[in-house]
Amino acid sequence: MTREEKAKQCRPGNNCCQTVLLTYADRMGMTPEQLRQLGSAFGLGMGGMKGTCGALVGAVAAASMMSPQGMPTGGIARTIVDEFEQMCGATICGDIKGVTTGKVLCSCDNCILNAVKIVERHFGGEEA
């Protein structure tokens, strides 16, 4: 199963951040319950659409957990944010969902899949 297929499987009942985190549960050293709890505050993005998209938060968190222990992850986090913005049109949940403009830039499901594609590009190589 690909990671994108795994993300689709994990989606029902989970928010965007939880879905991305659960997609990598086998590589993060945490239980699914812990990952759900970790991502629970990022439904509707950080701060209820005012902050960063939950899928993006999940991607950066997953990258941090999969990076070699003790290695700085600021550079890869910046890369993930930049790539996500290019793919989804913004990084702020409310902007992506068109709260003020009325124009949705990317669906939640596509934000999740884009986040997973980015993580795979940098940390992939293992089937889910």
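What follows is a short chat about a predicted model of one protein chain.

Biologist: How many helices and strands in the protein chain?
Modeller: The count is 8 helices and 0 strands, taken as DSSP runs numbered from the N terminus (helices H or I, at least four residues; strands E, at least two). The radius of gyration is 13 Å, close to the 14 Å of the globule rule for 128 residues, so the protein chain is as compact as a globular protein of that length. That radius is taken over C-alpha atoms, and the rule is 2.2 Å times the number of residues to the power 0.38.

Biologist: What does the C-alpha trace span?
Modeller: About 40 × 30 × 25 Å along its principal axes.

Biologist: Switching to Q18. Which helix is Q18 found in?
Modeller: Helix 2, residues 16–23.

Biologist: Buried or exposed?
Modeller: Q18 counts as buried because its relative accessibility is 10%. Buried means under 20% relative accessible area, exposed over 50%, partly exposed in between, with a 1.4 Å probe and protein chains only. Of the 128 residues in the protein chain, 42% are buried.

Biologist: And what does Q18 touch?
Modeller: Leaving out residues up to four places away in sequence, Q18 touches L35, R36, G39 and S40. Contact means heavy atoms within 4.5 Å.

Biologist: Which conventions apply here?
Modeller: Residues are numbered from 1 along each chain as its sequence is written, and side-chain values use heavy atoms, without hydrogens and water. In this predicted model local features need pLDDT of at least 70 and side-chain atom pairs count only at pLDDT 80 or more, while totals for chains, interfaces and linings use all residues.
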